[in-house]
Amino acid sequence: MNAPPPTAIAPDALRRVCSYWTTGIAVITGNASDGSPRGLAVNSFTSLSLDPPLILFAPAASSTTWPDIKATGRFAVNILSAEQSALAQSFARSGGDKFANVSLLDSDDGMPHLAGAMARLVCDVEMVYAGGDHDIVVGRVLQAEQVEEATPLLFYRGRTVSTVENLSPTPKRG
């Protein structure tokens with residue numbers, strides 16, 4: 001006998017519960033086919049494999065930025081520091097010139113590198129899979145560098161933070 005299918009969970013309930021999982025924030029940058037810079041913030045970035053060197057991230061399928069970067073086959077991952085909360089919020093928005101007033105570093109690889117990022121990776125697009133309302137992007141790492149020693153920028157319960165120590169609920173007293 002087959003078990004009945006599970007009841008679907010409401011998206012807002014899933015978002016609320018998953019907000020208790022603290023993540024880092026990265027900005028994926030690349031170039032459009034015309035050479036202009038593109039970028040989007042993600043908190044779905046992680047390492048996948050050391051041999052071969054692979055990472056993954058998951059941009060929204062509705063993203064208007066990711067298709068421009070994907071078409072060129074190469075991107076950079078900029079891992080943000082705690083001082084870059086405003087930058088993360090700017091790159092999380094849809095539309096507009098996300099690179100206005102943004103300091104970029106010169107690079108031999110042609111990728112837009114964000115000044116102040118803690119670390120950077122340059123990757124080729126290895127594979128892209130459909131994953132519900134997101135794409136799952138696997139990138140092959142070509143270059144990796146730690147740039148700055150800093151406190152990471154974190155995403156916790158729907159906002160950017162530099163530490164979660166003071167965000168946990170206060171214990172109930174006696």
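Which residues does Phe 57 touch, not counting residues up to four places away in sequence? In this predicted model, Phe 57 touches Ile 28, Val 42, Ser 44, Phe 45, Trp 66, Phe 75, Asp 135, Ile 136 and Val 137, where contact means heavy atoms within 4.5 Å. Residues are numbered from 1 along each chain as its sequence is written. Local features need pLDDT of at least 70 and side-chain atom pairs count only at pLDDT 80 or more, while totals for chains, interfaces and linings use all residues; side-chain values use heavy atoms, with hydrogens and water left out.

Phe 57 is also among the members of the largest nonpolar core that touch the most other members, together with Ile 28, Ile 55, Phe 75 and Val 77. This core has 14 residues; a nonpolar core is a set of buried Ala, Val, Leu, Ile, Met, Phe, Trp, Tyr and Cys residues joined through side-chain atoms within 4.5 Å. Elements giving two or more residues to this core include strand 5 (54-57), helix 2 (66-72) and strand 6 (74-79). Helices (H or I, at least four residues) and strands (E, at least two) are DSSP runs, numbered from the N terminus.

Helix 3 (85-92) has Leu 87, Ala 88, Ser 90 and Phe 91 as its buried residues; buried means under 20% relative accessible area, exposed over 50%, and partly exposed in between (1.4 Å probe, protein chains only). Seen down the axis of helix 3, these residues fall within an arc of 160°, so they line one face of the helix; the arc is that of the directions from the helix axis to the C-beta atoms. What covers them includes strand 2, strand 3 and strand 8 (113-114). On the other side of helix 3, Ala 86 and Ala 92 are exposed.
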